[in-house]
Amino acid sequence: MNREYFKDNNDPEFLYQMLGRLESDCKYFLGNGNGYEKHLWALSVTEQISAMKEIYNKLDEKPEWLTMEQINEYENKMILKLTEKNNKKVFYER
């Protein structure tokens, strides 16, 4: 984990809401956001996933709507999306 975004915030309600917000950002990034990191709360895939994992691990009662496996899937899909986008950019710049 690169940063501890939420080390001083232990309010479960806030953490659940924030986790939901971060997940929504991931879905947008993969869909209509076209892989642009500026649409992510943390402004990078690495930091976004890091924040999600930090919150998830901090919660005593894990959410029913999101698992660590799903967070890892978001990470893999988002990295792939970035790679594809960057490859297209290089292709078009030639």
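This is a short exchange about a predicted model of one protein chain and its residue E23.

Trainee: What should I know about the model before reading values from it?
Mentor: It is predicted: local features need pLDDT of at least 70, side-chain atom pairs count only at pLDDT 80 or more, and totals for chains, interfaces and linings use all residues. Residues are numbered from 1 along each chain as its sequence is written, and side-chain values use heavy atoms, leaving out hydrogens and water.

Trainee: How many helices and strands does the protein chain have?
Mentor: Three helices and zero strands. The order from the N terminus is α-α-α. Helices are DSSP runs of H or I with at least four residues; strands are runs of E with at least two. E23 sits in helix α1, residues 12–30.

Trainee: Why is E23 called buried?
Mentor: Buried means under 20% relative accessible area, exposed over 50%, partly exposed in between, with a 1.4 Å probe and protein chains only. E23 has 10%, so E23 is buried. Across the protein chain, buried residues make up 34% of the 94 residues.

Trainee: What makes the E23 and Y74 pair a polar contact?
Mentor: The term needs a pair of N or O atoms within 3.5 Å; within protein, one must be able to donate a hydrogen and the other to accept it, and residues adjacent in sequence count only if both atoms are side-chain atoms. The side chains of E23 and Y74 are joined at 2.9 Å.

Trainee: Which residues is E23 in contact with, leaving aside neighbours within four places in sequence?
Mentor: M52, W65, L66 and Y74. Contact means heavy atoms within 4.5 Å.
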